[in-house]
Amino acid sequence: PRRARARPAAGAARDRGGAVILFGYVARRTLAATLAALAGVVAIYLAVDFVDNSAGFGGAGWVPAALELYANKAAVVVRLVAPAAMLLGASIAVSTFRKTREYTAMRAVGLGPWRLAVPVLVVTLGLGVALVLLHDVVGVRAAERAEEIGALRFGRGGDRRRFLAAREPKRWFRGTDGHRIYNLRGHLPEGGFERVTVLEVDPAFRLVRRIDALRMRPEGAAWRLEDVEDRTFLADGEMRLERSDARVYRFDEPPEAFSVVPGRPSQMRWTTLLRQIGLRKRLGLPVVEFQLERYNRLAYPFAGVPGALLALALALRRNRKGHVSSALVESVGVSIAFWGVQGVSWALGLSGQVAPAVAAWAPNVLFLGVGLLAVRRAE
């Protein structure tokens, strides 16, 4: 009896060991195929970009500048094409299982498509997490540096002007109550601003007060203005002017409220992006694009998960012909469909018709549902 009870236990242990071995085998195949697909797609993208822009390369020292440009572009392109590479790698890996008849053997012993899908999803999830971290550490700075080299070293006059204008420090701010407007024309090295104008308006947006100062420095929770001209516009049309060498004002906005960072939200680190969203909300500045970038920063790297699931289901469908060639066609089709849905969702988010979180995550949720249904049919 003891030997009889030991046999089922030993069989269960062998089953668990076999499941672990199969999981690792599928995961390694998927990871290798995904990394190979990613390297190939990035190389093709950079080669096409170089051919397309090579006419603008020239001048002394252009070779080191071009190498630095494409090294930074590579870091940007990796994140851009990684979801497509994930679903291509998943499709190729599963196709090889069908080509070598390994999937047929799995089905013969009662193993379904989820024995392939689970390790594939684990690999794509892990790569998604890595993309989120690497983009914040490396990709943000690489995107900014690539744009800087392209505009200042190889760009035309218009490109340089647009690049410099996008990074010009912000000068106009609106107060939290909407009735105070600040114009800060310069920054002081030790903190504060120079050539300052503060406008106060009533609910009908009529100017009731204007304060001009040569310098404005933080002083605790208040501001110290120097060389001040304080004008008050009365209801009867009269103006009252007060001048002073220095005067302390208590505005509703603290000094950090004027720390708006210029540039695109896609070129900001995660912590900077969150701070800018909070600042812009308090100052009444538009934040939709920043909120979309916030949610898309997480949603886009994980787009490979539903894409890989759908590509796996397509690779396992009956009467499928071809392997690598079919995987390429299916991956391109799924990628185009995903980017199309993402473009529509992003446009709806920018227009304010849907919430930024919904606009960023809706394509992932939609394709995840389609992928789950497709794998269920394959089962």
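This is a predicted model: local features need pLDDT of at least 70, side-chain atom pairs count only at pLDDT 80 or more; totals for chains, interfaces and linings use all residues.
**Stop 1**

Select Arg 215. This residue is partly exposed, with a relative accessible area of 27%.

Arg 215 and Glu 226 form a salt bridge, and their closest N and O atoms are 2.8 Å apart. Is Glu 226 buried or exposed? Its relative accessibility is 16%, so Glu 226 counts as buried.

Next, select Arg 217. Arg 217 also forms a salt bridge with Glu 226, with 3.0 Å between the closest N and O atoms. Arg 217 counts as partly exposed, at 22% relative accessibility.

Then select seven residues by name: Arg 180, Glu 200, Arg 209, Asp 230, Arg 240, Glu 242 and Arg 247. Salt bridges with shared partners join them into one network.

**Stop 1: the sheet**

Switch to a cartoon view and show the strands. In what order do the 6 strands lie in the sheet? The order is E1-E2-E3-E4-E5-E6, in an open sheet with antiparallel pairing. Look at the two edges. Strand E1 (172-174) and strand E6 (239-249) stand there, and each has a single partner strand, so one side of each has no neighbour in the sheet. From one strand to the next, the twist averages 20°.

What holds neighbouring strands together? Strands of a sheet pair through backbone hydrogen bonds.

Zoom in on one pair. Strand E2 (residues 180-187) and strand E3 (residues 193-201) run antiparallel and are joined by 7 bridges. Thr 197, in E3, is the bridge partner of Asn 183.

**Stop 2: a loop residue with positive phi**

Follow the chain on to Phe 205. You will find Phe 205 in the loop between E3 and E4. Check its backbone angles. Phe 205 has a positive phi of about 60°, although it is not a glycine. Why point this out? Most residues other than glycine have a negative phi. Phe 205 is also exposed, with a relative accessible area of 57%.

There is another case to visit. Select Arg 101, in the loop between H2 and helix H3 (102-108). Its phi is near 70°, again a positive value in a residue other than glycine. Arg 101 counts as exposed, at 60% relative accessibility.

**Stop 3: a nonpolar patch**

Show the surface. Select Phe 50, Val 51, Trp 62, Val 63 and Leu 67. These residues make a nonpolar surface patch of about 480 Å². Which helices each supply at least two of the patch residues? They are helix H1 (2-53) and helix H2 (62-99). H2 gives the largest share, 3 residues.

Leu 67 counts as exposed, at 61% relative accessibility.

**Stop 4: helix H4**

Select Leu 134. This residue is in helix H4 (residues 114-152). Leu 134 is exposed, with a relative accessible area of 53%. Leu 134 and Ala 75 are 59 residues apart along the chain, and their C-alpha atoms are separated by 9.0 Å.

Arg 297 and Asp 136 are both buried.

**Stop 5: zoom out**

Now show everything. The protein has 10 helices and 6 strands. How many salt bridges are there in the whole structure? A search finds 23.

Of the 379 residues, 41% count as buried. The protein exposes about 20,500 Å², and carbon and sulfur atoms supply 61% of that area. Residues 24 or more positions apart account for 60% of them.

How values were computed. Residues are numbered from 1 along each chain as its sequence is written. Side-chain values use heavy atoms; hydrogens and water are left out. Helices (H or I, at least four residues) and strands (E, at least two) are DSSP runs, numbered from the N terminus. Buried means under 20% relative accessible area, exposed over 50%, partly exposed in between (1.4 Å probe, protein chains only). Contact means heavy atoms within 4.5 Å. Accessible areas come from the Shrake-Rupley method with a 1.4 Å probe; for residues, only the protein chains shown count as cover. Patches are made of residues with over 30% relative accessible area and no salt bridge: like charges are joined within 9 Å, nonpolar side chains (Val, Leu, Ile, Met, Phe, Trp, Tyr) within 5 Å. A salt bridge is a side-chain nitrogen of Lys or Arg within 4 Å of a carboxyl oxygen of Asp or Glu. Two strands pair if DSSP finds at least two bridges between them. Axes are lines fitted to C-alpha atoms, for helices over the stretch in contact, and angles run from 0 to 180 degrees between N-to-C directions.
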